[in-house]
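Work through the exercises below with the sequence and the model side by side. Try each task before reading its solution.

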Amino acid sequence: FEKDLKERINSIDQGLTGWVVKNGASLRSGNVTADPHYLAIEPGIQSGLYVPIMIGERSLGCISVQSESSNAFTEDDERLLVTLANQAAIAFENAHLYHAVQEELEERRQIEKALRESEERYRMVTDNTTDMVLLMGIDFSTVYISPSVTRQTGYTPEEMKGMSLEALMTGIRKPWKDLAIW
């Protein structure tokens, strides 16, 4: 059956299901064989009910029900199938959104991991350098001071943390000529 289906239908707009997907409109037929879009895949089918699965204006697919009896489907059947198609569309959209959120979360986890690794490398370099490394905030208060600051200034990093640039410049215990400042 699947092989026969693939040989006969080679584009989305073929058959009644394809017509419904392409046009985004339901189709209820009591005699499918009279419709020019109908492709006889299964012998004996007389009537069909085809409802698009829509998200907004976008058609995702189609739910189809067929019968070997003529005029087998009523307006009530169509309303029920429209309700099912709407529920399926919501489920598909929720699954799509869930998948997109999961991908975004994974991407953020990877970025956060890379940032942590970069921070660790930076911290290792600055903590082990013999040069004094100061990181200052926008208000020129010290945010980070490398451990080598004690050797160069006479202050511990804890004593210098939060000091303003002016306090740092005027309060350094060692003479400026001994400091390497860029």
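**Exercise 1. Find the residue that caps the N-terminal end of H3, and check the helix length.**

Step 1. Thr74 is the cap: one of its side-chain oxygens lies 3.3 Å from the backbone nitrogen of Asp76. That is a polar contact, meaning a pair of N or O atoms within 3.5 Å; within protein, one must be able to donate a hydrogen and the other to accept it, and residues adjacent in sequence count only if both atoms are side-chain atoms.

Step 2. Helices (H or I, at least four residues) and strands (E, at least two) are DSSP runs, numbered from the N terminus.

**Before going on: the model.** This is a predicted model, where local features need pLDDT of at least 70 and side-chain atom pairs count only at pLDDT 80 or more, while totals for chains, interfaces and linings use all residues. Residues are numbered from 1 along each chain as its sequence is written, and side-chain values use heavy atoms, with hydrogens and water left out.

**Exercise 2. State where confidence is lowest and highest in the protein chain.**

Step 1. pLDDT is the predictor's confidence in each residue, from 0 to 100. The chain mean is 85, and 85% of residues reach 70 or more.

Step 2. Helix H1 (residues 2-8) is lowest, with a mean of 61. Strand E2 (residues 47-55) is highest, at 97.

**Exercise 3. List the buried residues of H3 and say what covers them.**

Step 1. Buried means under 20% relative accessible area, exposed over 50%, partly exposed in between (1.4 Å probe, protein chains only).

Step 2. Glu78, Leu81, Ala85, Ala88, Ala89 and Thr126 are the buried residues of H3. Their cover includes strand E1 (27-29), E2, strand E3 (58-67) and strand E5 (142-145).

Step 3. Contrast Val125, also in H3 (residues 75-128). Val125 has a relative accessible area of 56%, so it is exposed.

**Exercise 4. Describe how E2 pairs with E1 and with E3.**

Step 1. Two strands pair if DSSP finds at least two bridges between them. E1 and E2 run antiparallel, joined by three bridges. Across this pair, Leu27 stands opposite Tyr50 in E2.

Step 2. E2 and E3 are also antiparallel, over nine bridges. Met54 has Ser59 in E3 as its bridge partner.

Step 3. Two residues separate E2 and E3 in a hairpin, and Gly56 in the turn has a positive phi of about 65 degrees.

Step 4. Check the cover of E2: eight of its nine residues are buried.

**Exercise 5. Is Ser47 buried or exposed, and what does its side chain reach?**

Step 1. Ser47 is in strand E2. Its relative accessible area is 0%, so Ser47 is buried.

Step 2. A polar atom of the Ser47 side chain lies 2.6 Å from the backbone oxygen of Ser69. The side chain also reaches the backbone nitrogen of Ala72, at 3.3 Å.

Step 3. Contact means heavy atoms within 4.5 Å. Beyond its neighbours within four places in sequence, Ser47 contacts residues including Ser29, Val65, Phe73 and Asn71.
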